[in-house]
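Welcome to this guided tour. Please open the model in your viewer and keep the selection tool at hand.

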Amino acid sequence: MALTTVQKGISSESKSEVLSSPPPVVITPCDPWPRPYILEDGLRKVAPYHFTYNTYCKERWRGRELIDIFATEFRDRPQAYYKDAIERGQVIVNGLQVPTVREIVKNGDVISHSLHRHEPPVTAQPIGIVHEDNDIIVINKPAGVPVHPAGRYNYNSIIEIMRAERGHEWNPLPCNRLDRLTSGVMFIAKHPKAAEKLCKQIQGRTVKKEYVARVIGEFPEGDVVCEQPIMQISPKLGLNRARASGKDARTIFKRLAYYPAVPRNDEASSNLSDTRTDREKIRDSKMVWKSKEGFSIVRCLPLTGRTHQIRVHLQYLGHPISNDPIYCNQLVFGPSLAAGDDLSDNDEDIISRLSKMGKSQVAEALAYHDEMVEEYNKKKAEKMTGQLCEVCDTPLYSDPGVHELGIYLHAKRYACEEGEWEYETPLPEWALPPVGMVGPTDVTADTDPLALVDKVGEFSSQKIGVETF
């Protein structure tokens, strides 16, 4: 693969200038068009291609060794890969190969990493159009697709998929952000002026946002308000927890429906033996979530905008999103799933366990299933296969099952407080009544969490007397 550097000559006179030229960087050797998409088995895949990442030194990287930055900041590949890449010149600084993997990175440095890029597959579900005019496109984002190119994702992102559909020169401008695993309402501006106007509204908190989630157990009826502060405990993993010393966070919840667990067929259950050891039976008796049968559909109104706010608050309330691979994972958080926990000091253990997910272990929500059956048919999830790429020796991942690409969290409605506009999607399929059961097929006025805010204009749980956590 040929690499091209942009050289910037620096004369002796230029050293005394206040403004110096930026350091040389490596140019990505190719920009395939049309994008190398492969649609099969309900997935959108990308054929591997060569690519170069370029990034300026972040403040937290200053004064650190190059190998240390890659080993601690990036979890895509093992440290041995990054060591070899630096030594072979696939990772360079300011357009030049470094003499040692322990090269100290300084402010203003540009780090370039050239590699044979393997993107994870995403759902092949089309991006739904809720509304379109001359200024914006309101989309129904599919779960499992990141908004921006980031990490292992590039062409498999909302921006690049829409660009591939509308033309190489078309430049979509996202105005709000949804987590990769979340589906629902998103705003894409067609030009900078429209993007600026909408972004100001969203950032100025003049836009109401409502989500729908599916959680384990029977969620309480009535207005439930969680005001637990939230703290990020791992920037690398994007992991957050309820912490008294965190940032203020507030979410209103209102149950839309509860669906009890379907009784197991007597004949089938009689053929299943309890294979647990005595120790496992004692462990299971401490798992409070095991008594929470069935699931609830909950309307969620975040009044602040912390990362993973709804997911963390639902976990804290003891009703995590039932297929959340992080916050509903007993292999990460233990038997209690961190319900009501804002004081424990086990963050390092949790970070260590979570970092293994998707590598040697299956990264799926492991809380709410029948552990009594040893032969439980685990749903297929993305994990390493043990095989290597023939081009670059990169460890290969298996394809995830379509059901593993997202979580049961959907941005259902965005509304301007001034009443100028409101956009809403139908309930996602997982929020509809199960076969043979009766329940709401859309949201209802009596379960609207926005009504709680509208009663007083500015929300105050003390004034309303709702159940507060």
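A residue counts as buried when its relative accessible area is under 20%, as exposed when that area is over 50%, and as partly exposed in between, using a 1.4 Å probe and protein chains only. The model is a predicted one, where local features need pLDDT of at least 70 and side-chain atom pairs count only at pLDDT 80 or more, while totals for chains, interfaces and linings use all residues. Residues are numbered from 1 along each chain as its sequence is written, and side-chain values use heavy atoms, with hydrogens and water left out.

**The whole chain**

Begin with a cartoon view of the whole protein. You will find 11 helices and 23 strands; these are DSSP runs (helices H or I with at least four residues, strands E with at least two), numbered from the N terminus. Of the 469 residues, 48% count as buried. A contact means heavy atoms within 4.5 Å. Among the contacts with a separation of 6 or more, 69% are between residues 24 or more positions apart.

**Aromatic rings**

Now show the side chains of Phe, Tyr and Trp. Two of these rings (for Trp, the six-membered one) pair if their centres lie within 6.5 Å; planes under 30 degrees apart count as stacked, over 60 as edge-to-face, and the rest as tilted. The structure holds 14 such aromatic pairs. Select Tyr49 and Phe51 to see one of them: this pair is edge-to-face, with 6.3 Å from centre to centre and 85 degrees between the planes. Tyr49 is buried, because its relative accessibility is 7%, and Phe51 is buried too, at 16%.

Next, select Tyr259 and Phe295. Their ring centres are 5.4 Å apart and the planes stand at 45 degrees, so this pair is tilted. Tyr259 belongs to strand β17 (residues 251-259) and Phe295 to strand β18 (residues 295-302), so the pair links distant parts of the chain, 36 residues apart. Tyr259 has a relative accessible area of 2% and is therefore buried; Phe295, at 13%, is buried as well.

Which residues do ring pairs link into a cluster? Select Trp61, Phe70, Phe74, Tyr81 and Tyr82 to see them together.

Helix α1 (residues 66-73) and helix α2 (residues 79-87) pack at an angle of about 145 degrees, and their axes are 9 Å apart. Here the axes are lines fitted to C-alpha atoms, for helices over the stretch in contact, and angles run from 0 to 180 degrees between N-to-C directions.

**Charges over rings**

A charge sits over a ring if NZ of Lys or CZ of Arg is within 6 Å of the ring centre and within 35 degrees of the ring normal. Select Arg44 and Tyr37: Arg44 lies over the face of Tyr37, 4.8 Å from the ring centre. Then move to Arg152, whose charged end sits over the ring of Tyr397, 4.2 Å from its centre.

**Salt bridges**

How many salt bridges are there? With a salt bridge taken as a side-chain nitrogen of Lys or Arg within 4 Å of a carboxyl oxygen of Asp or Glu, the count comes to 27.

- Select Glu132 and Lys190, whose closest N and O atoms are 2.8 Å apart. Glu132 is in strand β9 (residues 128-132), and Lys190 is in the loop between β12 (183-189) and α4 (192-203), 58 residues apart. Glu132 is partly exposed at 37% relative accessibility, and Lys190 is partly exposed at 27%.
- Go on to Asp179 and Arg311, which meet in a salt bridge of 3.9 Å, N to O. Asp179 lies in the loop between β11 (173-174) and β12, and Arg311 lies in helix α7 (residues 309-316), so the pair ties together parts 132 residues apart in sequence. Both Asp179 and Arg311 are buried.
- Select Arg255 and Glu221, joined by a salt bridge of 3.2 Å, N to O. Arg255 is buried at 16% relative accessibility, whereas Glu221 is exposed at 62%.

**Last stop**

Finish at Ser114 in strand β7 (residues 110-117). Ser114 is buried, because its relative accessibility is 1%.
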